[in-house]
Amino acid sequence: MNWRNALGGLLLVAALLSGWSLLRNRDKAPVAAGDDGSKDYVLHDFQIIALDEQGRESTTLRAPLLERTRSDETMTIKTPLFLLPDRDGNHWELRSDTGWVSATGDTLRLTGNVSGDSPRVPSVPPTTFRTEQMDVFPKENRGTSDGLVTLTRPGMTQSGVGFALNSSDKTYQFLSQVKTRYTPRQ
């Protein structure tokens, strides 16, 4: 074997090892600003329809932004609109500035300018409620609030601290400091 062939072989092996070492130890691309890698996914301008165990609509969610956190699998939502069906298939509308959904999807936490509006059907008097925070349990068709809630129906305004709503049987309950004002119909 010629010494030139041996030297060429050594140089070839050295070049391959150098190239492999450079590729292996190269700098990783910097993480984009604002992307800390903690989000599994982000949805923009979307609608999600969740079904119950029988395949019926449990909850519908519409919002401009949803982010799912990788570490605890919870979701945060900007200006969510939740549509919660009653047993007749009519929808209560729940809106807020922000929303949070538990990892299992069994708890929704609405905060900031929370508003709830009853279905727009002749059999249900138009009912609205307003509060700053509400927890909703869609699998149980109920919602609760510990804060001040104001409820308005034709001819009546009620307010109180602490509130419970059952959308399947169309009932609500104030827990304390209840004030009611009746307005005669004209």
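Where is Arg70 found? The legends below take up this residue and other sites in a predicted model.

**Figure 1. Arg70 and the salt-bridge network that includes it.** Arg70 sits in the loop between β2 and β3. Its relative accessibility is 43%, so Arg70 counts as partly exposed. Although 32 residues separate Arg70 from Ser38 in sequence, their C-alpha atoms are 5.4 Å apart in space. The structure holds eight salt bridges. Side chains of opposite charge can pair when their charged atoms come close.

**Figure 2. The salt bridge between Arg120 and Glu93.** The closest N and O atoms of Arg120 and Glu93 are 3.2 Å apart. This pair links distant parts of the chain, 27 residues apart: Arg120 belongs to the loop between β7 (108-117) and β8 (128-137), and Glu93 to strand β5 (residues 91-95).

**Figure 3. The salt bridge between Asp135 and Arg109.** Here the closest N and O atoms are 3.0 Å apart. Asp135 is in strand β8 and Arg109 in strand β7, so the bridge ties together parts that lie 26 residues apart in sequence. Asp135 counts as buried, at 16% relative accessibility, whereas Arg109 counts as partly exposed, at 34%.

**Figure 4. The salt bridge between Arg142 and Glu140.** The side chains of Arg142 and Glu140 meet at 2.5 Å, N to O. Arg142 counts as partly exposed, with a relative accessibility of 34%. Glu140 also counts as partly exposed, with a relative accessibility of 45%. Elsewhere, salt bridges with shared partners join Asp40, Arg68, Arg70 and Glu73 into one network.

Figure 5. Ser115 has a relative accessibility of 11% and counts as buried. When neighbours within four places in sequence are left aside, Ser115 is in contact with Glu93, Leu94, Arg95, Phe129 and Arg130. One of these, Glu93, is the salt-bridge partner of Arg120. Ser96 is 19 residues from Ser115 in sequence, with a C-alpha to C-alpha separation of 6.5 Å.

**Figure 6. The largest nonpolar core, with Phe163 among its residues of most contacts.** This core has 22 residues. Those with the most contacts inside the core are Leu61, Ile77, Phe82, Leu94, Phe129, Val136 and Phe163. At least two core residues come from each of β2, β3 (75-78), β4, β5, β7, β8, β9 (142-153) and β10 (156-166). Not counting residues up to four places away in sequence, Phe163 touches Phe129, Met134, Gly143, Thr144, Ser145, Val149, Leu151, Tyr172, Gln173, Phe174 and Leu175. Phe129 is also among the contacts of Ser115.

**Figure 7. The largest pocket and its lining.** About 550 Å³ of space lies in this pocket. Its lining has 26 residues, and Ala50, Leu51, Ser58, Thr59 and Pro138 lie nearest the centre. The elements giving two or more residues to this lining are β1 (39-51), β2 (57-69) and β4 (81-85). Strand β2 gives the most, with six residues. By class, the lining has 11 nonpolar, eight polar and seven charged residues.

**Figure 8. The largest cavity and its lining.** The structure has one cavity of 30 Å³ or more. The space in the largest cavity comes to about 70 Å³. Leu84, Trp92, Leu94, Met134, Val136, Pro138, Asn141, Arg142, Gly143, Leu165 and Ser167 line this cavity. Strands β5, β8 and β9 are the elements that give two or more residues to the lining. The lining residues divide into seven nonpolar, three polar and one charged. Leu94 and Val136 are among the residues with the most contacts inside the largest nonpolar core. Pro138 is one of the residues nearest the centre of the largest pocket, and Arg142 forms the salt bridge with Glu140. Met134 and Gly143 are among the residues that Phe163 touches.

Conventions
Residues numbered from 1 in each chain as written. Predicted model: local features only at pLDDT ≥ 70, side-chain atom pairs only at ≥ 80, totals over all residues. Heavy atoms only, no water. Salt bridge = Lys/Arg side-chain N within 4 Å of Asp/Glu carboxyl O. Helix = DSSP H or I, 4+ residues; strand = E, 2+ residues; numbered from the N terminus. Buried < 20%, exposed > 50% of the residue type's maximum accessible area, 1.4 Å probe, protein only. 1 Å grid on protein atoms, 1.4 Å probe; cavity = no way out; pocket = protein on both sides within 12 Å on 5 of 7 lines; lining within 4 Å. Points joined across faces, edges and corners; volume = space filled by probe spheres on them. Nonpolar A, V, L, I, M, F, W, Y, C, P; charged D, E, K, R; others polar. Core = buried A, V, L, I, M, F, W, Y, C linked by side-chain atoms within 4.5 Å. Contact = heavy atoms within 4.5 Å.
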